[in-house]
Amino acid sequence: MSKQHSKVAYQVMWNRLISVVEEQAQALVRTAFSTSVREAGDLSAGVYDVDGNMLAQAVTGTPGHVNAMADAVPHFIRRIGRDNIHDGDVYITNDPWEGTGHLHDITMVTPSFHGGALVGFFACTAHIVDIGGRGFGADAHSVYEEGLYIPIMKFADKGKVDETLTRIIRGNVREPDQLIGDIYALATCNEIGHRRLIDMMAEFSLTDLNGIAEFILVNSRRATLERIAALPQQSATGEMKMDGFDRPITLKVKVSVDGDRIVSDFTGSSGLDKKGINCPLVYAKAYACYALKVAIAPEIPNNAASLAPFEIEAPENSIVNALHPAPVALRHIVGHFVPDAVYDAFDKIVPGLVPAEGAGCLCNFQVSLRPRTDAPAPEDARRSEVLTFNSGGSGARPEHDGLNATAFPSGVMTMPIEATEHAGPVIIWRKELRPDSGGAGKTRGGLGQYMEVGAQEGHEFDIQAMFDRVEHPARGRRGGGAGAPTTIAQDDGSAMNGKGKQFVAHGRRVVMAFPGGAGYGDPSERSVELVKRDLARGYISAETASKNYNLSAADIAEVQAAVARGDAL
Amino acid sequence: MAVPSVRLGVDIGGTFTDVVLEKDGVPFSIKVLTTYSAPENAIIDGMHQVCAKAGVTPAQIDQIIHGTTLATNALIERRGAKTALITTEGFRDVIEMRTESRFEQYDLNLNLPDPLLPRQMRFTVAGRVDANGKILVDMDRAEVEAIVDQIAEGGFESVAVGLIHSYLNPTHEQLVRDVLAEKLPNVAVSISSEVSPQMREYERFNTVVANAYIKPLMASYLGRLGDRLNDEGVSCRIFLMHSGGGVISIQNAADFPVRLVESGPAGGAVFAAHIAARYGLDKVLSFDMGGTTAKICLIKNQTPKTSRVFEVARTYRFKKGSGMPISIPVIDMVEIGAGGGSLAHVDALQQIRVGPKSAGSEPGPACYGRHGKRPAVTDADLVLGKLDPENFAGGSIKLFPDASCIAIAEYVGTKLDMDAVEAAFGIAEVVDENMANAARVHAVENGEDLSEYTMIAFGGAAPLHAGRLCEKLGVERLLVPPGAGVGSAIGFLRAPFSFEANRSVYMKLSDFDGPRIKSLLSDLKAEATGFVRTCDAVSPILSEFKVYMRYTGQGWEIPIALTEDQAMNPDAATFEARFIEDYTKLFGRPVAGMDIEITVWSVNATTPPEKVARVAETSGKAQATTVGGRDLFDGAAGKFLIADVVNRSDMSTGERAVGPVAVVENETTIIVPASRDAIRQPDGCIDIIIKGADQ
């Protein structure tokens, strides 16, 4: 039995656990090889009690891991079996349905022992570079083609690493050293969390986490339920369309605020897509939960109790509840649109809180460069894979403009183009804001961006496009205008698709414009000062200022003269 | 370096300007209020006061070393010059697009800080260098001239030039600079290949823009300061403390004012490093806690840890990513919003939160009796018996414990069903835990275990909290040096002349090019040494070589120190062995089969460190004289204990006071928890160790 602790001591311990998981996540960022982890923050880390209830989670770049991580550890406990859990064990999986949604996320769990007894678990997840199969893209027809599947199993048994498993992994992936390096980085990061936890238990003379777990979960549940109780107890339906791969996808959701829970029911959404943009339920749930939580209870830390009231329902084998063996590699594309669908409904329950639609999914692309094949290539030409993360504009908020070229709901970072150009013989000719792409409104949508990409002399390439909003730009809210759609073409004008692998010949460039966020409210209510500021900065053209905001010719001339004089406005 | 006998250290801070004069090693110090409109006035005022104390005239001062927050404040308050940026076509918005991410995931109404220059002040020009430094598209001089004409029409006072990959090939930036010099000779120009030749365009462009933005202001200030000091009879040279912990000439400072950012805190770290040297300590955690923030820095082998990039002007709860990155050599510190004035409240989760909002000096904490209603950390300290209400700040400010109790009860206690004492304990524990967590995360980022460290505490609020912090961090020894209130200014006087030159050039060990490395490092050495030579014509100049390495594919480089021999006779096997050694130390294990690459090369030229005499440490057998007792709340015990009160000035070398004890002095009080004893060492440091231990 642990001794009784004061409220002050419990509060200190709660803070400490949050700090422990942040340390755990930091350790992973510093040691991981995968670009998506180290540059973009695509990882997660958490601590759990003996029953697998998540007590604290690091805030990282990916809301998509939030619930997935919370649900994962109970799967591990069930699959490994309580009697089979020993000190020195480390468990692993990349199961899309019991982990975090696709084979490219490795989740590792380590039991934490103190004084010979199991006291809790640490888990962490990272998006890794390659897991074999067809490579990272939407082209697979089933999960079997997407790479190596690692069921929940022991990576290390009482401290001894399973060498058979590592040999199978090494034999099935394109970058075996990197992947094994990342797996060890994940194991190390759990180990760091474990050591800090044991320090804390010694400092407070704890023999188990029961007391602090109850303190965290009770306080979090109470605070979350208070927020839900304060909302109108009603239901509303939202719906949106996205491009999909070959045919448009409908996301339909009924959000019900119902006493001690909020349910998002996706009945009526499209069925599975043939290509790998399907989304397992756990990942859709994470984004639905994130969308609601950031709107109504943002400061309550993520843990089992604060997440539990946010429930999700969806028919089996709908686009947001893809079952095995559906292809799911690019499940983020649908997942990133879930908040826009949820907000379309929630805005009808609580007006004036949530933003207009934004760019939605990240505007990522991968280029596969190789020596030119149409003519003799120079001797130093080489093969290379370069992945970039980019963002369009976010939707306008009731009181604030949308953010220019900033990810939402994802929280990942872009890479410097100088670093990208070191990664392979690629040249980014342009990466800058896209004027006139933010939807008009009382508050304006965030601007998208232009990018232009080509290869070094002597190379040709394939581009794997992962864009949406070509046919379905972000829709405005409460009278706001739509954001500009995605466009993609070659520099000679030849057309390209928003998704899929496409060839680009030697000397050609791909010219892309990423979508803007939508506007909020009637543009005629926008303050003239802000319209003038936007014009001075070139966020909008003179034509847009006149057409969408009725700025007079005299005002336009005045702004242009001020800019020439170097005035800030 | 021959140390002149009369030296003046001056630190301009947000509230106070600290002036320290050392005459033949004896310090005289004064704090005067900072005079914002003309900061040099406070310096002149303080200088006369310390000269009078020391019995010297300004003309007898042999050297002045100056550090200031003016550069930082100009960036925070956006009070810089009208500045334009010229950048590569296609990349107009690099400083505005930042990392394309939100630094706070859970705030729908988050706004990102505006860039220093709005979009219409950013101009683009065609011309492109690739990742090998090769020119892909030539720059057309006529196009540059047309842009410079626009800048002339706009009446800009300062221009920054930042072009893609200029750290590899600066010729285009130099062309732009030449055109500007020709057509606009009175406009200040900063080019990124000189200010910060490092890869990553967002950091580099932001750094050159910041430099340009504050250049006219700082040049004018430094000019005025020189003139005023001359008028007062000062004839010696003036030097500036830079953010990397060394000293540069006033001319370098005027050219690269961005290097002055955070020079005050850097002085504090140098101060702590000097104490570490006196005690022969290789692992030190410096802890500087003032009114609004606490700063924590790791000092290994008596050298503060440095970094190549840091963030200034954080706009959102000191949160990482909410400020602007500046890539210059800098002492690596974590700063959090935790100080004596930090305000406490209760959040939706019924949890006590402290900071980052601060009561400042007006109205101040509730106990100041100046109509501050909300409870601050100082109020909690007062209720817990850590402060003597009759004797705060040498008796100059009377404190009102009743006001503290009322504020704590209203804003914390009644909401949590706690009495004032328990609520005060909660506030103190939360702020101490916040600082401890920041220190822990900083340590893990550096692969360090704090239990092997000694803490050195300074700044007004640090001695009240350092003891409890040590308990939380498992730190066994704590030193509180004398003069802790003016630590940064003293640190300036301990800093060497130094300048760090660095450059980004990618090289894999599999493509190791020894002659190229030798030539690159020789160039950097010549550049850095040249800067130091302008400050000191005679001393030997040491070169410290560092390369930043990582496994190919990783995003974080780790700094690898090389000996001069390793640097000048480069060899791939040695570089690899050094990397694997340091990587293993940091992260536990190396990774087999991966190529290794070098990304940044750096040479720090510095005059030799001052010889430091070791303190003859005493184990403190004699009992210190107590002047009374008081109820003091002990954090670890969770209750009030009866503590002795000892005057710091009464403690003689070798005397020991047994915790719990309050060691009081004019500026502050050192709280020694029940788990610790305090010994007075010969240099005046109060040495706080585990109870009953021999030192």
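Before we come to charges, a word on how they are counted: Lys and Arg count as positive, Asp and Glu count as negative, and His and the chain ends are left out. With that convention, chain A has 55 positive and 70 negative charges, and their mean positions are 2 Å apart. Please keep in mind throughout that what we are looking at is a predicted model.

Let me stay with chain A for its overall build. Its secondary structure comes to 13 helices and 19 strands, and along the principal axes its C-alpha trace spans about 80 × 65 × 45 Å. How does the radius of gyration of chain A agree with that of a compact globule? For 569 residues a compact globule would have a radius of gyration near 25 Å, and chain A has 25 Å, so the two agree. Buried residues make up 67% of the 569 residues in this chain, where buried means under 20% relative accessible area. If we take the contacts in chain A with a separation of 6 or more, residues 24 or more positions apart account for 72% of them. The chain exposes about 18700 Å², and carbon and sulfur atoms supply 49% of that area.

As for charges, chain B carries 68 positive and 88 negative ones, with mean positions 1 Å apart.

Let us turn to the aromatic rings. A pair of such rings is described by the distance of the centres and the angle of the planes. Over all chains, a search of the whole structure finds 19 aromatic pairs. In one of them, Tyr290(A) and Phe408(A), the ring centres are 6.2 Å apart and the planes stand at 45°, so the pair is tilted. Tyr290(A) lies in helix H7 of chain A, whereas Phe408(A) lies in the loop between strand S13 and helix H10, so this pair ties together parts that are 118 residues apart in sequence. Tyr290(A), at 1% relative accessibility, counts as buried, and Phe408(A), with a relative accessible area of 16%, is buried as well.

A second example comes from chain B, where the ring centres of Phe633(B) and Phe640(B) are 5.2 Å apart and the planes are at 85°, so this pair is edge-to-face. Phe633(B) counts as buried at 9% relative accessibility, while Phe640(B), at 33%, counts as partly exposed. Back in chain A, Tyr10(A), Trp14(A) and Phe215(A) form one aromatic cluster.

Is Thr420(A) buried or exposed? At 7% relative accessibility, Thr420(A) counts as buried. Leaving aside residues up to four places away in sequence, Thr420(A) touches Val386(A), Thr388(A), Met415(A), Val426(A) and Ile428(A).

Note on methods: Residues are numbered from 1 along each chain as its sequence is written. Chains are lettered from A and ligands numbered from 1 in the order in which they are written. This is a predicted model: local features need pLDDT of at least 70, side-chain atom pairs count only at pLDDT 80 or more; totals for chains, interfaces and linings use all residues. Side-chain values use heavy atoms; hydrogens and water are left out. The place of a charge is taken as NZ of Lys, CZ of Arg, CG of Asp or CD of Glu. Rings of Phe, Tyr and Trp (its six-membered ring) pair if their centres lie within 6.5 Å; planes under 30 degrees apart count as stacked, over 60 as edge-to-face and the rest as tilted. Helices (H or I, at least four residues) and strands (E, at least two) are DSSP runs, numbered from the N terminus. Buried means under 20% relative accessible area, exposed over 50%, partly exposed in between (1.4 Å probe, protein chains only). The radius of gyration is taken over C-alpha atoms; the globule rule is 2.2 Å times the number of residues to the power 0.38. Contact means heavy atoms within 4.5 Å. Accessible areas come from the Shrake-Rupley method with a 1.4 Å probe; for residues, only the protein chains shown count as cover.
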